[in-house]
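Please find below a short note on the structure under discussion. It is arranged as numbered points for reference.

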Amino acid sequence: MLLTADVRSKKYGILNSLHPSYKTAAETALNLWSKYLTARNVVEKIGEWTRDTTLCSSKQGNGFDCGVFVAMQSEAIAHGQDPCVIRQEHCCLYRRYIYQRIIHESKRQETTCNAMDCTRPTDDRIQWVQCDNCTGWFHMLCMRINKAPDGPFYCHNCHSRRRC
Ligand SMILES: [Zn+2]
Ligand SMILES: [Zn+2]
């Protein structure tokens, strides 16, 4: 189950992939959120919060994919996507995606980046930047930039494709 909280609008959401319409679990989650606010010394009444009913969950098809659902739904919400699009059949692919991301992150200190003409910089010349389109990691040196971009960054490959 995923509890979301939009602090600005004081809206919380409850996404329960095991029992999408199970009210008791929703109340439990709200109690936990209330305890969290108290523990953080937030002087705020939980009664001021309203439930964001636009956030919903589809039903998972087994008893062990809860964590995968929570990760997928969190990522969907963080990217402004409707978490309802997440379905059981996505779990297998997403597990593989997470596995590849972990492996990829662990290799980030290796000398080669995703640039076709990687210059293999060494030691303190290694600074990384991630493409907002293909999510590939690149040496800033290979992208011929010397500071992290303020806005979105597109690698040479994605940049030239976007212009077509
Ligand atoms: Zn490189
Ligand atoms: Zn790219």
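Predicted model: local features only at pLDDT ≥ 70, side-chain atom pairs only at ≥ 80, totals over all residues.

1. Domains. The domain assignment divides the protein chain into domain 1 (2-104) and domain 2 (109-164). Taken over C-alpha atoms, the centres of domain 1 and domain 2 lie 33 Å apart.

2. The hairpin. Strand β1 (residues 2-6) pairs with strand β2 (residues 11-15) in the antiparallel sense, and five bridges join them. One of the bridged pairs is D6 with K11 of β2. Four residues lie between the two strands of this hairpin, and K10 has a positive phi near 50 degrees.

3. Surroundings of W33. This residue belongs to helix α1 (residues 23-39). Is W33 buried or exposed, or does it fall in between? It is classed as partly exposed, because 17 C-beta neighbours lie inside 10 Å, whereas a buried residue requires 20 or more. When neighbours within four places in sequence are left aside, the contacts of W33 are L3, A5, Y12 and I46.

4. Helix α2. This helix (residues 66-78) comprises 13 residues and spans 18 Å from first to last C-alpha, close to the expected 18 Å. Which residues of α2 are buried? They are F69, M72 and Q73. These residues lie on the same side of α2, because the arc they cover around the axis is only 95 degrees. In general, an α-helix has 3.6 residues a turn, so residues three or four places apart point the same way. The elements covering the buried residues of α2 include β1, β2 and α3. On the face turned away from the buried side, α2 carries the exposed residues G67 and A78. After α2 comes G80, with a positive phi near 70 degrees.

5. Helix α3. Residues 91-106 form this helix of 16 residues, which reaches 23 Å from its first C-alpha to its last, close to the 22 Å expected. Helix α3 is hardly covered, with one buried residue among its 16.

6. Nonpolar cores. The largest nonpolar core consists of six residues, namely C113, V129, F138, C142, M143 and C155. A second, separate core has five residues, among them Y12, I14, L15 and L55.

Terms used. Residues numbered from 1 in each chain as written. Chains lettered and ligands numbered in written order. Expected span 1.5 Å × (residues − 1). Buried ≥ 20, exposed ≤ 12 C-beta atoms within 10 Å, placed from the backbone. Domains from an automatic or database assignment. Contact = placed C-beta atoms within 7 Å. Core = buried A, V, L, I, M, F, W, Y, C linked by C-beta atoms within 7 Å. Pairing = 2+ DSSP bridges. Arc of directions from axis to C-beta.
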